[in-house]
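This briefing is for a reader new to the structure shown below.

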Amino acid sequence: MRVVVAGTGYVGLITGVVLAYIGNKVTCIDVDSNKIDLLNNGQSPIYEKDLDKYLSLARDNLSFTTDNNCYANSDVIIIGVGTPERKDGSANLDYVYNVCDNIVKYANKDVVVVIKSTVPIGTNDDVLEYLSSKRSDINITVASNPEFLAQGTAIHDTLYASRIIVGAEDDKTFDIMRKLYEPLTKDPYNVPYLEMDRRSAEMVKYASNDFLALKISYINEIANLCSKVGANIDDVTKGMSYDKRIGSLFLKPGIGYGGSCFPKDTKALHWLSKINDCELKLVKDCIEINKKQKLVLLDKLREYFKSLKDLKVTILGLAFKPMTDDLREAPSLVNIDMLLDYNANVTVYDPIATSRVEKIYGDKIKYAKTIDDAIMNSDAVLIMTEWQEIKEYNVDNYVKYMNNGKAKVYDGRNCYDPKIMKEKGIYYYSIGR
Ligand code: UDX
């Protein structure tokens, strides 16, 4: 099938590469010519495991362009552009409609427009109305096909997806979508394939992401209470996870969730619930809890040091999670902002996200190339991302390199065993233990 994917961010690019890999002729289009130039030179604009490999495996079926003429002659157009958060929490659909305007101008035959971007319930219907009102000479239909990939495992999450959800309102569109995804529903992928109406498909995405965000916020609250009442969250979550109804995933307490989805999707669903006079109070609380959770280490630091002025603080881990250089809604950034506000001296380290942080803070903070350098003479270390390198770091070095050997480690990702840290004489604060 001839497929155009609009947007070469995480969702668009991975979708394009995978659909090309399974045999479709795919053109990825983006308004950002720098990204397209990189991709045409065989380079990926994002850091994602296995992406280079699959870019090369799918090369014969894949092209990249900024030219809107690609919308002509396509069977399927997939919209995978960003839907960033507006100030009021709602999703900004400008990029989706920009693509629609180009489809209106350039499409020249019947086509299925697939919305993969996360959009408020009802958007697919609105998009159909918009497109049909402008092009009655061809038959444009719209399908909702939300994406569930997580950064760092995006290719795997797409090839071996937990499920493919397709929302449409007519048989022909369902047929085309089935054909598009057929290879993934068979061996060796065997992805479950679910069909439903468009509004339900849109809701599956928000309801899933917000449920996971709720799960994290719930366990963060339980962890905070564990700290107060002398229980250990590791044992608590282990004990909970044996109940199959609860499971063991997304029960890891920490310094709060970040990334491009959970923060945005919780706010967007809350906004939608409010304007429909059916406020989702749990989601509202989840947003609040997460905002507070991002600052728990800093609260603890202030409790001990009272004044943070000129205190040498090291932040280990900047990305919102390991295996990505993405900083969107990363807890590290709010902590850096607060520390600078308190006039602390901040040094940061991350295996791959440092240059992105440098673009934000310039010479306001210091950038270390190794963990050793980052913690040298530091008064306190705050761990924000559970990179393997940080988890495997020789903790003796905290004593060796930190100020006067009086190591103070505040760990937002529970990287170390509290017993070992105690044996080494390191002050160690982690979440819920
Ligand atoms: C998420 C969803 O997993 C994915 O299905 C959806 O399509 C997009 O949003 P992603 O944002 O890439 O993917 O990351 P994810 O691995 O889900 O982690 C999100 C945040 O939650 C990270 O900041 C992570 O550190 C945090 N998290 C995750 C926890 O704090 N505890 C957990 O147990 C799991």
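Domain 1 and domain 3 of this predicted model bury about 650 Å² between them. Carbon and sulfur atoms account for 48% of that area. On the domain 1 side, Tyr-10, Tyr-47 and Gln-151 supply 72% of the area buried against domain 3, more than any other three residues.

**Domains and their interface**

- The domain assignment divides the protein into domain 1 (2-196), domain 2 (205-292) and domain 3 (294-430).
- The centres of domain 1 and domain 3, taken over C-alpha atoms, are separated by 38 Å.
- Contacts between these two domains involve eight residues of domain 1 and ten residues of domain 3.
- The number of salt bridges between domain 1 and domain 3 is zero.

**Strand 1, helix 1 and strand 2**

- A right-handed β-α-β unit is made by strand 1, helix 1 (residues 10-21) and strand 2.
- Strand 1 (residues 2-6) pairs with strand 2 in the parallel sense, over five bridges.
- Within this part, Val-3 has Val-26 in strand 2 as its bridge partner.

**Strand 2 and strand 3**

- Strand 2 covers residues 25-29, and four of its five residues are buried.
- Strand 2 also runs parallel to strand 3 (residues 62-65), and four bridges join the two.
- The bridge partner of Ile-29 in strand 3 is Thr-65.

Key. Residues are numbered from 1 along each chain as its sequence is written. This is a predicted model: local features need pLDDT of at least 70, side-chain atom pairs count only at pLDDT 80 or more; totals for chains, interfaces and linings use all residues. Side-chain values use heavy atoms; hydrogens and water are left out. Buried means under 20% relative accessible area, exposed over 50%, partly exposed in between (1.4 Å probe, protein chains only). Two strands pair if DSSP finds at least two bridges between them. A crossover is right-handed if, with the strands pointing away from the viewer, the path from the first strand over the helix to the second runs clockwise. Domain bounds come from an automatic or database domain assignment. Contact means heavy atoms within 4.5 Å. Buried area is the accessible area (1.4 Å probe) that two parts lose on being put together, summed over both. A salt bridge is a side-chain nitrogen of Lys or Arg within 4 Å of a carboxyl oxygen of Asp or Glu.
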